[in-house]
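This report describes a structure with attention to its chains, its sheets and a few residues of interest. The sequence and the model come first.

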Amino acid sequence: MIAPATKTEHIASAIKVFKESLVNVYGGNLPVSDFMDTLCRSCGTRLIARTHGKTQNFLNGEGSCPQCGTKAYGVYA
Amino acid sequence: MKRKAMYYRNEEDTTLVCELCPKYCVLTDGALGGCRARKNLGGILMATNYALATGLSLDRIEKKPLYHYYPGSRILSLGPNSCNLQCSFCQNYQISQMHAATQEISPEFLRDVIAQHCAEALQVAFTYTEPLTWYEYILDFARENPEVRIVLVTNGYINPRPLAELLPHVSAMNIDLKAMSESFYASECRGHLEPVLENIRACVAAGVHLELTFLLIPGLNDAPSELMAMRDFIAELNPELPLHVSAYHRIIR
Ligand code: SF4
Ligand SMILES: [Zn+2]
């Protein structure tokens, strides 16, 4: 199979379609780290900040938003 | 190490049918399964790559990728030299589709390595190639080490019964959803779409922590209608299920 490599624009436009109904959509395997953070689904606060080398977790212990308390999907403790 | 394979039936005299995955390979005496992990030896199906790993490394869990499961934690990762799909775009084909060097990692040795390197979080990821073709090894390890969290990074291509037996031992999974069209799975992966969708549903129902990966290949699986079908399929299961849209890099074979 011969296909061109995926460009960041391809990922960005697919993410736009997915985000119409899905909460946690990420871009992977890209040179940029634009699509890697987790935001609160209720208030938009940044819950987890990621770069290729580092993860910063701002969630409360059990995995809820420090601003509004909404529980994030996942397992944190 | 030698281990008899699970999930197969005797057809006639020494011919066997492997029932682990939807490929149902028919194996005469001496034949190797399509995944290269199982072999008919005199009418008994053997897991010939039991405990044989292509490598062992320590990664951040984000690299699996899992983004919503113990963020920032380290996880020991290993995989077999086998896969039950044959994707034309495989990003790991040197270890999934071809013979590669392996080392023996017995379940006991694996437990020791995890205890030594991941003491703060006892967890292991079976990944890189197709862990479901390492079925007996993973199941044996999981049964003997219930305190270790088991993570699978997988194509989700397995039959319902073996999946149901394995799932109670699995803590988290990342399943590849390669496309939403049967023709893509048939022509590019030599498999079928429906078992993958069925298994994703089963994992959600079982309450395993699940994330999905979609490797976007421009022009092949990213038609707007296909993206919308994937979006709607996931949203119906749970709109919070994480989806990783991953970039395809050309591999020169
Ligand atoms: S697990 Fe391997 S041997 Fe068994 S049916 Fe699938 S590809 Fe064939
Ligand atoms: Zn919030």
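## Chain A overall

Residues 24 or more positions apart account for 15% of those contacts in chain A that have a separation of 6 or more. The model is a predicted one. Chain A holds one helix and four strands, and from the N terminus on its elements follow the order α-β-β-β-β. Its radius of gyration is 14 Å, well over the 11 Å that the globule rule gives for 77 residues, so chain A is more spread out than a compact globule. Along the principal axes, the C-alpha trace of chain A spans about 45 × 30 × 20 Å.

Of the 77 residues in chain A, 39% are buried. The chain has an accessible surface of about 4100 Å², and 50% of that belongs to carbon and sulfur atoms. Chain A carries 8 positive and 5 negative charges, whose mean positions are 2 Å apart.

## The sheet of chain A

Chain A has an open sheet of three strands in the order β2-β3-β4, with antiparallel pairing. The edges are taken by β2 (38-39) and β4 (55-57) of chain A, each with a single partner strand, so one side of each is left without a neighbour in the sheet. Strand β3 of chain A, residues 46-50, pairs with β4(A) in the antiparallel sense over three bridges. A:I48 has A:N57 in β4(A) as its bridge partner. In general, strands of a sheet pair through backbone hydrogen bonds, either parallel or antiparallel.

## Chain B overall

The secondary structure of chain B consists of seven helices and 14 strands. The radius of gyration of chain B is 18 Å, close to the 18 Å that the globule rule gives for 253 residues, so chain B is as compact as a globular protein of that length. Taken along the principal axes, the box filled by the C-alpha atoms of chain B is roughly 50 × 45 × 40 Å. Among contacts in chain B between residues at least 6 apart in sequence, those joining residues at least 24 apart make up 67%.

In chain B, 60% of the 253 residues are buried. The chain exposes about 9700 Å², with carbon and sulfur atoms supplying 53% of that area. There are 22 positive and 28 negative side chains in chain B, and the centres of the two sets lie 5 Å apart.

## Strands of chain B

One open sheet of chain B has three strands in the order β1-β2-β3, paired antiparallel. Its edge strands are β1 (8-10) and β3 (26-27) of chain B, each of which pairs on one side only. Strand β2 of chain B, residues 16-18, is joined to β3(B) by two bridges, and the two strands run antiparallel. B:V17 has B:V26 in β3(B) as its bridge partner.

Strand β10 of chain B (residues 123-126) pairs with β11(B) in the parallel sense over four bridges, and B:A125 stands opposite B:V151.

B:G156 lies in the loop between β11 and α4 (160-166) of chain B. With a relative accessible area of 4%, B:G156 falls under the 20% limit and is therefore buried. Leaving aside residues up to four places away in sequence, B:G156 touches B:L132, B:I175, B:P195, B:V196 and B:N199. The C-alpha atoms of B:G156 and B:E104 are separated by 25 Å, and the two residues are 52 apart along the chain.

## Backbone exceptions in chain B

Most residues other than glycine have a negative phi, and most peptide bonds are trans. B:K64 and B:P65 are joined by a cis peptide bond, with omega about 0 degrees. B:P65 sits in the loop between β7 (56-60) and β8 (74-78) of chain B.

B:Y7, a residue other than glycine, has a positive phi near 60 degrees. B:Y7 lies in the segment before β1 of chain B and counts as buried at 14% relative accessibility. B:R36 is not a glycine either, yet its phi is positive at about 65 degrees. B:R36 is found in the loop between β3 and β4 (38-41) of chain B, and its relative accessible area of 24% makes B:R36 partly exposed.

Note on methods:
Residues are numbered from 1 along each chain as its sequence is written. Chains are lettered from A and ligands numbered from 1 in the order in which they are written. This is a predicted model: local features need pLDDT of at least 70, side-chain atom pairs count only at pLDDT 80 or more; totals for chains, interfaces and linings use all residues. Side-chain values use heavy atoms; hydrogens and water are left out. The radius of gyration is taken over C-alpha atoms; the globule rule is 2.2 Å times the number of residues to the power 0.38. Buried means under 20% relative accessible area, exposed over 50%, partly exposed in between (1.4 Å probe, protein chains only). Contact means heavy atoms within 4.5 Å. Accessible areas come from the Shrake-Rupley method with a 1.4 Å probe; for residues, only the protein chains shown count as cover. Lys and Arg count as positive and Asp and Glu as negative; His and the chain ends are not counted. The place of a charge is taken as NZ of Lys, CZ of Arg, CG of Asp or CD of Glu. Two strands pair if DSSP finds at least two bridges between them.
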